[in-house]
Amino acid sequence: MTRAERIRDLIVEQSDATDFVAHGLHVRIGDDVAEHRWTEDVREEIHSVAKAVCVLAAGIAADEGLVSLDAPVAEYVPDVVLGDGVDEVTLRHLLTMSSGIDLPYSETLMTDWPDLAREFLGRPARGRVFQYSNASSYTAMAVLASRTGDILEYLRPRLLDPLGLGDIAWERCPRGRVVAGSGIALRTEEMSRLGRLIRDRGEWEGVRLVSAELVDGMHSDWVASGENPGYRRYALAGWDGPGRQWRLHGAHGQLILFAGDAVVTISADDHFGADSMAAFVGDLLDV
């Protein structure tokens, strides 16, 4: 039995013992893979794991010289009226949720204003203050689209086709833009491909899709984000912990957990059980 199979079996036992509502599990350690399903293998919303796709989009555009993550976004949208302090906000600030712009989540976020990105950038910034907001990811992709064109179409040949995901859709707002911070549906194994690409620092099947520096920033460009275990530091779409691992974490238990050469991907429908499951996996991967 491989280590991947042992880890899979322990996660399955834990999920069943705790009634964690898991749908699918994919474990990759080195080149070894082990999988398990509790439900039909269909594409499901990955929620905030989609923020990692936004980061990869920005990284690819930066690699191509279309943008800099550290240039003021005002350079790319000169026609937008900026709030106080927003002239210093960069794409990196938007993607690390550290713009200091406050715009709380609502169920009608994408339709509350004629243009959510303009509304976001028109509000004042309080400095480099962490504020987790889907509006921040949305605005980052709206800014990026000013240089790349439609984000999904930009990504198809550069990221999605190589990963075998060229047929996916991305939910759109009434303006036709991708909603960015969510809105992608993937099977568990398909989501694990993002994890493998990230674990391998931007390489896929021997081909570099995005710079290693950008991928490293997903778990090193940390911003202080709170006091709760597993939520103390946030980077470019990545949360630090629990334990020595780091993770991509979408609502209702969509998880990609990284530790060394291990990537554990979970699809679920258990918002409140996800933190305990992430901690359990972290303990397994620490051994």
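Start by selecting C173: this cysteine is buried, with a relative accessible area of 7%. Keep in mind as you go that you are looking at a predicted model.

**The two cysteines**

C54 counts as buried because its relative accessibility is 0%. Are these two bonded, or too far apart for a bond? A disulfide is a covalent bond between the sulfur atoms of two cysteines. The closest cysteine sulfur to that of C173 is the one in C54, and at 13 Å it is too far for a bond. Looking from the other end, the sulfur of C54 has C173 as its closest cysteine partner, again 13 Å away. The structure as a whole holds zero disulfides.

Next, select residues 262–268, which make up strand 12. How many of its seven residues are buried? Seven of the seven are, so the strand is largely enclosed by the rest of the structure. In a regular strand the side chains alternate between the two faces of the sheet. Colour A262, V264, I266 and A268 for one side of strand 12, and V263, T265 and S267 for the other; both faces are covered.

Now bring in strand 1, residues 22–29, which runs antiparallel to strand 12 and is joined to it by seven bridges.

Then show strand 11, residues 254–259, which pairs with strand 12 in the antiparallel sense over five bridges. Here I256 stands opposite T265. Follow the chain from strand 11 into strand 12 and you pass through a hairpin with two residues between the strands. In that turn, click on G260, which has a positive phi of about 60°.

**Two buried loop residues**

Move to V86, in the loop between helix 2 (50–63) and helix 3. V86 counts as buried because its relative accessibility is 0%. Leaving aside neighbours within four places in sequence, V86 is in contact with I101, L121, R123, P124 and A125. For a sense of scale, draw a distance from the C-alpha of V86 to that of A274: the two are separated by 35 Å and lie 188 residues apart along the chain.

Finish at S99, in the loop between helix 3 (91–95) and helix 4 (116–121). S99, at 2% relative accessibility, counts as buried. Its side chain reaches the backbone nitrogen of I101 at 3.1 Å. Not counting residues up to four places away in sequence, S99 touches several others, including V89, H93, F120 and A125.

Notes
Residues are numbered from 1 along each chain as its sequence is written. This is a predicted model: local features need pLDDT of at least 70, side-chain atom pairs count only at pLDDT 80 or more; totals for chains, interfaces and linings use all residues. Side-chain values use heavy atoms; hydrogens and water are left out. Helices (H or I, at least four residues) and strands (E, at least two) are DSSP runs, numbered from the N terminus. Buried means under 20% relative accessible area, exposed over 50%, partly exposed in between (1.4 Å probe, protein chains only). A polar contact is a pair of N or O atoms within 3.5 Å; within protein, one must be able to donate a hydrogen and the other to accept it, and residues adjacent in sequence count only if both atoms are side-chain atoms. Contact means heavy atoms within 4.5 Å. Two strands pair if DSSP finds at least two bridges between them. A disulfide is a pair of cysteine sulfur atoms within 2.5 Å.
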